[in-house]
Amino acid sequence: MASSLDRLAFRTKILTNHLLPTSQTAPPLLPSPCLNYTPPDLSDPSQFDTRHMRALLDGHNLADRDWLFGLITQSKLFCPRERGVGRVFVGPDYNQSMEQQREMTMRRIEYLLERGVFEGWVTGKGPEAELRKLALLEVVGMFDHGLSIKLGVHFFLWGGAIQFFGTKHHHEKWLRDTENYVVKGCFAMTELGHGSNVRGIETVTTYDSSTGEFVINTPCESAQKYWIGGAANHATHTVVFSQLNIDGNNHGVHAFIAQIRDANGNICPNIRIADCGHKIGLNGVDNGRIWFDNVRIPRDNLLNSVADVSPDGQYLSAIKNPDQRFAAFMAPLTSGRVTIAVSAIYSSKIGLAIAIRYSLSRRAFSVTPNGPEVLLLDYPSHQRRLLPLLAKTYAMSFAANYLKTLFVTRTPESNKTIHVVSSAFKATLTWHNMRTLQECREACGGQGLKTENRVGNLKGEFDVQSTFEGDNNVLMQQVSKALLAEYIAAKKRNRAFKGLGLEHMNKSCPVIPSQLTSSTLRSIEFQTDIFCLRERDLLSRFAAEVSAHEAQGQSKEYAFILSYQLAEDLGKAFSDRAIFQTFIEAEAALSSGPLKDILGLVRIMYALISLEEDSSFLRYGYLSPDNAAAVRKEVAKLCSELRPHALALVSSFGIPAAFLSPIAYNWIEANSWSSVQH
């Protein structure tokens, strides 16, 4: 009873304080003068060379990138629009219908083709030609992801299949016409019933030795080719992935060239094509569905670098093991995962550049009566939302550059490494991009909803990256499976770990101090140790759990499935450690100075935010609760230390103003009445 009366008296006192004036009166609030835009560049001068930082982040072909930026900004095909005095922005017009967006995509391709952008994209040889192609595709993707996807399907998937699966006569017949867009190619792998599980596709191709032709069939509705970019409107040819059946014997998945339209755009006989319809993004890409009804193609249209069929119907392959043969077919397809991972980071850069520039000129609330309103990025909570994501984007830029180098210098011996690293980075970088875009959208408030401000639309355009060219969750399981195979082989043969960055497992197990000070948390040694400790421990735990399930009578595959939680944790541990390693290497290549100092600060933020956000560090005991609290406190301190460098760090992305949005600059002028009249 007494406690009830106490609560009542307390609530009465609170209400009285609200309703009755107190003896201490606050000064009256005065009307504020109109807001003016102040460019953050005036108050946040760079303390390091942003051009040098950009060279470090982009890694290669800066002049080629700037040339293409110029080509895009000077053509009306790329929808230039003036917002504010003298400020022009480019970007797709998402108010257009699906059909109009597709038409504009093709017109832009023709414009770029005429200006030599695609020169050497298929016929060029060597790492330099490949890096130029990748750099230019990245610039295209910064303008419009759909345009880069359309080009990626034609050049990287169709053209890449001809290059890697085909032999000399295929190269001579198809590559030059592909580069010149005389042939418009697509890539028919995915089916309605099978996406990630390529081995299970149902399209069937048989061989007719009496005519020397292959016959392609779609035997059921689930075998229809689905989500085929370019198929709905423009493609003239496709690479068809199909089961090869000869005399009742199935030889597994093989790749064939089939024509689906003539030069006038008419669909070929025995081919049926339907549109996949409107999507949440990428409506400038004409995704289609294809059915094959006894489609006959010449024997030479089998892409035969891995296997061939003789005129009399004999199946020929130097690779006798079906699993190894299938792996040989899949190996060249890593190009898609490479380009997706890289483009995701450039998308994150756009979102962060817009959101951070906006937060350096937009104010909200004052902390003193009649005092000036506070810049958004001067609020510790706003720093905490954006600056750790900025650090992660820097780290993943170095990871993306490493992945590209790995890809363009590939050898048959490095195929396994490329598969594992590209799978891990594709999943990690695309997940990061979607999270970053959502945070940037919210950090821009209502302005983030406007199409012209880009961030909201980027979410819809890039969402697909989580599932195409391999579902992210499936890819991460493949990473863990590959690590498990390495672990078992090393233990069985009593040999040292070599490759995939696992050499740290040959050393003694790192010991984490029981009490972590600020200086320890910031040291490369501690950060390296804890990333390696997590990976090695999770790999050991994963191997033990799979083995325990097998000992209980489960098959190897089902034992792996039952251990999915450890598999997920291990995949992330591998990816985080590998990304961190690329950051260390980029930092180590610099001589002492302001650039190295700021990069060290960004690296510390990447490491510590990774520790804070992943519950596995607490779950498995790598961090005690007290040490986890110390990490969280250090992250807050790092936010305040990175705040003065935020503008310079996003300026170092080297993204032209035209590729950002009005709220990244004078958003008051861009929304003025004069801009409406204009």
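This is a predicted model: local features need pLDDT of at least 70, side-chain atom pairs count only at pLDDT 80 or more; totals for chains, interfaces and linings use all residues.
**Entry 1: H12 and H13**

H12 covers residues 415–443 and H13 covers residues 455–462. I looked up their packing next: the angle is about 155°, and the axes lie 9 Å apart. That angle makes H12 roughly antiparallel to H13, because angles over 145 degrees count that way.

Which residues of H12 meet H13? I noted Asn 433, Met 434, Leu 437, Gln 438, Cys 440 and Arg 441. On the H13 side, I found Val 455, Gly 456, Leu 458, Lys 459 and Phe 462. Sorting the residues of this contact by class gave me 6 nonpolar, 3 polar and 2 charged.

**Entry 2: H6 and H7**

Next I went to H6 (residues 127–143) and H7 (residues 145–165). Their axes are 6 Å apart, and the packing angle is about 150°. From H6, I wrote down Lys 133, Leu 134, Leu 137, Val 140, Gly 141 and Phe 143 as the contact residues. H7 brings His 145, Leu 147, Ser 148, Leu 151, Gly 152 and Phe 156. My class list for the contact reads 7 nonpolar, 4 polar and 1 charged.

**Entry 3: H18 and H19**

I then turned to H18 and H19, whose axes come within 10 Å and cross at roughly 170°. That makes H18 roughly antiparallel to H19. Among the H18 residues that meet H19, I marked Asp 576, Phe 580 and Phe 583. Their H19 partners include Lys 596, Leu 599, Arg 603 and Tyr 606. By class, I have 8 nonpolar, 1 polar and 4 charged residues in this contact.

**Entry 4: the second largest pocket**

How much space lies in the second largest pocket? I read off about 450 Å³. Its lining has 17 residues, and those nearest the centre are Thr 428, Trp 431, Met 476, Lys 572 and Asp 576.

Which helices each supply at least two residues of the lining? I listed H11 (380–408), H12, H14 (472–493), H18 (564–588) and H19 (594–613). The lining divides into 4 nonpolar, 5 polar and 8 charged residues.

How values were computed: Residues are numbered from 1 along each chain as its sequence is written. Side-chain values use heavy atoms; hydrogens and water are left out. Axes are lines fitted to C-alpha atoms, for helices over the stretch in contact, and angles run from 0 to 180 degrees between N-to-C directions. Helices (H or I, at least four residues) and strands (E, at least two) are DSSP runs, numbered from the N terminus. Angles under 35 degrees count as roughly parallel, over 145 as roughly antiparallel, 65 to 115 as roughly perpendicular and the rest as oblique. Contact means heavy atoms within 4.5 Å. Ala, Val, Leu, Ile, Met, Phe, Trp, Tyr, Cys and Pro count as nonpolar, Asp, Glu, Lys and Arg as charged, and the others, Gly among them, as polar. On a 1 Å grid over the protein atoms alone, a cavity is a set of points where a 1.4 Å probe fits but cannot get out, and a pocket is an open set with protein on both sides within 12 Å along at least five of seven lines; lining residues have an atom within 4 Å of a point. Grid points are joined across faces, edges and corners, and a volume is the space filled by probe spheres set on the points.
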